[in-house]
Amino acid sequence: MKRILITGATSAIAQETARLFAADGAALLLVGRDSDKLAAVADDLRARGAEKVETEIVDLIDLARCSRLIDEAVEKLGGLDALLVAQGTLPDQAECEADPLKTLFEFSLNAMGPITLLLRGAAYFENRRSGCLAVITSIAGVRGRKTNYIYGSAKATVSTFLEGLRGRLCGTGVSVVDIRPGFVDTPMTAHLPKQALFATPESVGARIYRAMIAGDDVVYTPWFWRWIALVLQLIPRRIFVKLSI
Amino acid sequence: MLGDPAPSYALAMADYQSWGRIPKATASAVRRVYWRSELAELDLGSSAALPYGLGRSYGDSCLNDGGILIDTSPLSRLIHFDFERGILRAEAGLSLQQLLAVAVPRGWFLPVSPGTQFVTLGGAVANDIHGKNHHRAGTFGRHVRRFELWRSDGSQQECSPDQNAELFRATIGGMGLTGVITWVEIQLVGIPSPCLQMERIRFRSLDEYLALESESSADYEYTVSWVDCMRSGPTRGLFQRANFAGGGTPRKARRPLCVPFDLPSFALNSSAVKLFNQTIFQLQQSERISRLTHYAPFFYPLDAVRDWNRIYGKRGFFQYQFLVPNDAEEAFREILRRISSARQGSFLVILKKFGNIASPGLMSFPREGLTLALDFPNRGQATCDLLDDLDELVQQAGGCVYPAKDARMSPASFQAYYPQWKEFSRYTDPQFSSSFWRRVTAGAVA
Ligand SMILES: Cc1cc2nc3c(=O)[nH]c(=O)nc-3n(C[C@H](O)[C@H](O)[C@H](O)COP(=O)(O)OP(=O)(O)OC[C@H]3O[C@@H](n4cnc5c(N)ncnc54)[C@H](O)[C@@H]3O)c2cc1C
Ligand SMILES: NC(=O)c1ccc[n+]([C@@H]2O[C@H](COP(=O)([O-])OP(=O)(O)OC[C@H]3O[C@@H](n4cnc5c(N)ncnc54)[C@H](OP(=O)(O)O)[C@@H]3O)[C@@H](O)[C@H]2O)c1
């Protein structure tokens with residue numbers, strides 16, 4: 001995997017994945033909204049051996065901008081082999097419940113932006129009959145929990161979309177990777193009390209790197225979340241609605 | 001998937017402890033710094049603050065009971081790596097392990113390395129750490145070209161031997177008290193391969209040891225010894241010397257074992273330790289062995305067991321590292337006798353002779369002489385009394401004790417070991433303090 005577009009490239013998890021690609025000498029286009037942070041990530045990846053690192057300052061709530069990024073990456077990197085979508089926000093649930101427009105904003109950032117990128121990416125890779133489309137979704141998308149259903153449903157939207165896209169691209173040589181981390185210790189979860197299930201961004205980022213190279217389809221990380229997801233799915237609805245998780 | 005490596009886990013608030021787990025301290029808050037650009041908005045209120053790296057200091061120099069800890073470990077980005085000249089500039093939270101993973105494949109190594117890879121660049125500077133090549137390379141700080149220091153007044157200053165030279169000197173070995181180091185630029189050393197040609201030789205007395213040191217110091221970059229401190233009679237142990245070797249194939253580093261919970265205290269009673277030492281000493285069948293080894297098991301044997309500090313159980317342990325000048329050999333022998341007759345020591349006893357290369361930091365621990373580092377399981381007052389006795393001997397011999405490993409020395413001992421502490425306190429950040437600093441300066445007026 002030589003040429004990679006990463007959106008939300010300042011994400012703690014995405015940085016770890018990018019470091020591994022950089023060590024392989026990859027060429028990267030990093031997209032994010034904060035120029036200081038993007039510059040720090042770009043310097044890091046260059047010093048780790050990336051052949052080329054380009055940056056693009058974009059607010060990824062801008063869907064029109066999202067829809068042009070694949071073309072820009074192809075132009076800047078001279079082609080494209082993989083897309084990793086990492087941007088995301090964990091919104092305050094109560095605020096969202098009180099404000100539908102905020103809910104739609106968060107939904108847009110967590111689901112519509114990624115879908116826009118995926119449609120463009122799918123078209124490009126389908127034509128070339130190779131490539132990798134990877135998105136960091138979440139364990140939160142597995143069921144709608146009352147404490148976190150706005151974030152969770154946005155992630156579930158992307159996961160369902162990816163499943164369909166995988167069907168569409170089956171046999172074209174394009175891999176569609178749905179990464180579903182559990183709790184990860186990053187700025188996004190900085191406000192949450194840490195318990196034993198929190199993984200480090202290093203271990204999750206490394207898992208994503210391996211999944212993209214292997215072309216895995218659905219990846220729970222750390223691995224035991226697969227079993228937690230299974231248990232969650234098996235809880236009958238009548239009981240599930242009463243749970244305070 | 002079962003084939004995945006074990007995930008590593010995040011720190012909870014209660015995990016901000018020191019390696020010896022003594023004393024227990026609770027910070028009022030932990031501020032994790034993810035980006036250098038965030039420091040401008042860092043809100044410390046009116047609390048005392050202290051940077052925290054990976055908590056590999058043993059005592060309380062990385063603790064700030066009741067104050068704020070500024071966790072710099074997420075600042076782990078490289079800024080620039082000159083592959084040709086081996087000059088690396090990186091954020092201060094980069095661990096030495098992460099650094100080596102990038103540098104070794106390009107033929108570069110740390111100029112000075114401690115006994116674990118899990119320390120940050122910031123922590124390495126703040127304690128001006130030393131390694132097995134002190135006689136050749138001096139301390140870590142000697143290889144630092146420059147760094148940036150953030151102070152609580154919001155200033156960010158570059159420091160080097162020619163720029164803000166006084167702050168440079170105070171921050172190296174400055175125990176985090178002069179501000180937050182945001183990045184460090186160091187000069188790495190070239191290596192022909194990741195492997196070392198290592199020789200391990202038995203010695204049966206201190207004289208034999210000293211003879212081995214003087215015969216080796218000119219030709220060997222790295223020397224270090226393990227000593228059996230549980231026996232009365234002449235000091236015996238294993239002397240190691242090594243140089244990086246050209247070519248050769250290293251053994252692959254293994255995935256670390258880990259100690260998942262605190263062991264009960266009987267695991268470390270003195271007969272168990274005695275047996276362990278006996279076994280190690282005799283495991284080496286011949287008087288000397290020579291072999292090619294990968295750098296990881298050579299420099300970081302303890303890293304093979306993650307969280308090994310848990311073998312000391314919930315009560316934690318003290319580490320004691322002192323040095324005495326070369327002319328105080330008699331005092332050194334007396335201290336060894338005291339330690340072995342007290343029967344409290346454990347199996348991790350490391351002996352090293354420091355060379356005469358001056359340390360660059362105002363408060364640096366290393367100076368020329370013999371240094372010994374050992375662990376003492378916490379047996380309460382008995383252990384503290386023994387260490388107080390040792391302090392007295394070290395002081396009389398004109399030596400000193402390493403703050404990075406201390407949890408208990410008295411203000412009087414500290415101020416005798418480091419009379420320059422008053423000068424140093426002129427450079428500390430007015431809002432920075434640590435549990436250690438409050439303890440060792442208690443009752444004194446700077
Ligand atoms: C197994 C083992 C072996 C060891 N071997 C050696 C050895 O051979 N030689 C040796 O010298 N030491 C040795 N040590 C001690 C260790 O190297 C030092 O204590 C080191 O400073 C720990 O670094 P850290 O990143 O964990 O920092 P911490 O322990 O978290 O902090 C250490 C000090 O550095 C300060 N600090 C941390 N980050 C910053 C920053 N960004 N800016 C300013 N100040 C900062 C803290 O305030 C504190 O005063 C060993 C420790 C262990 C556990
Ligand atoms: N942490 C977890 O526990 C966890 C669990 C499951 C899934 N995830 C998912 O993992 C992904 C990465 O998150 P993370 O944990 O690494 O947290 P993070 O470091 O906070 O990353 C989130 C990233 O999204 C970016 N972003 C947010 N809004 C944006 C916008 N409008 N325009 C451009 N970029 C924007 C952020 O940019 P700024 O740096 O500029 O803010 C940041 O880089 C997210 O999709 C998240 O949902 C995380």
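Predicted model: local features only at pLDDT ≥ 70, side-chain atom pairs only at ≥ 80, totals over all residues.
## Ligand 1 in chain B

Start with ligand 1. It has 35 residues around it. The closest are B:Pro51, B:Arg56, B:Ser57, B:Thr120 and B:Tyr402. By class, this shell holds 19 nonpolar, 14 polar and 2 charged residues.

A backbone N or O atom of B:Arg56 sits 2.7 Å from an oxygen atom of ligand 1. For B:Met175, a polar backbone atom is 2.8 Å from a ligand oxygen. For B:Leu54, the distance between a polar backbone atom and an oxygen of ligand 1 is 3.1 Å. Now look at surface area. Ligand 1 taken alone exposes 970 Å², and the protein buries 96% of that.

## Where the shell of ligand 1 comes from

Several elements of chain B build this shell. Strand S2 (49-52), helix H2 (121-126) and strand S9 (180-187) each give at least two residues.

Domain 1 (13-190 + 421-428) and domain 2 (195-248 + 256-411) each provide at least three residues of the shell around ligand 1.

## Ligand 2 in chain A

Ligand 2 is surrounded by 30 residues. Here the closest are A:Thr10, A:Asp59, A:Tyr151, A:Val184 and A:Thr186. The shell splits into 14 nonpolar, 11 polar and 5 charged residues. Two helices of chain A, H1 (12-23) and H6 (149-169), each supply at least two residues of the shell.

In the side chain of A:Thr10, an N or O atom is 2.6 Å from an oxygen atom of ligand 2. A:Lys155 places a polar side-chain atom 2.9 Å from a ligand oxygen. A:Val184 uses its backbone: a polar atom there lies 2.8 Å from an oxygen of ligand 2. Alone, ligand 2 exposes 890 Å², of which the protein buries 93%.

## A cavity in chain B

How many cavities of 30 Å³ or more are there? The count is 1. The largest cavity has a space of about 50 Å³.

Its lining includes B:Ala126, B:Asn127 and B:Asp128. B:Gly173 and B:Met175 are also among the lining residues. So are B:Met363, B:Ser364 and B:Phe365, along with B:Tyr402, B:Pro403 and B:Ala404. Sorted by class, the lining has 7 nonpolar, 3 polar and 1 charged residues. Domain 1 (13-190 + 421-428) and domain 2 (195-248 + 256-411) of chain B each contribute at least three residues to this lining.

First, the general rule. Most peptide bonds are trans, and most residues other than glycine have a negative phi.

Chain A has a cis peptide bond between A:Thr221 and A:Pro222, with omega about -10 degrees. A:Pro222 is in the loop between strand S7 (218-221) and helix H8 (225-234).

Chain B has a cis bond from B:Ile22 to B:Pro23, with omega near -10 degrees. B:Pro23 is in the segment before strand S1 (29-32). B:Arg21 also lies in the segment before S1. B:Arg21 is not glycine, yet its phi is positive, near 60 degrees.

Definitions and conventions: Residues numbered from 1 in each chain as written. Chains lettered and ligands numbered in written order. Heavy atoms only, no water. 1 Å grid on protein atoms, 1.4 Å probe; cavity = no way out; pocket = protein on both sides within 12 Å on 5 of 7 lines; lining within 4 Å. Points joined across faces, edges and corners; volume = space filled by probe spheres on them. Nonpolar A, V, L, I, M, F, W, Y, C, P; charged D, E, K, R; others polar. Domains from an automatic or database assignment. Near = heavy atom within 4 Å. Polar contact = N/O pair within 3.5 Å; in protein donor to acceptor, adjacent residues only side chain to side chain. Areas by Shrake-Rupley, 256 points an atom, 1.4 Å probe, with all protein chains shown as cover. Helix = DSSP H or I, 4+ residues; strand = E, 2+ residues; numbered from the N terminus.
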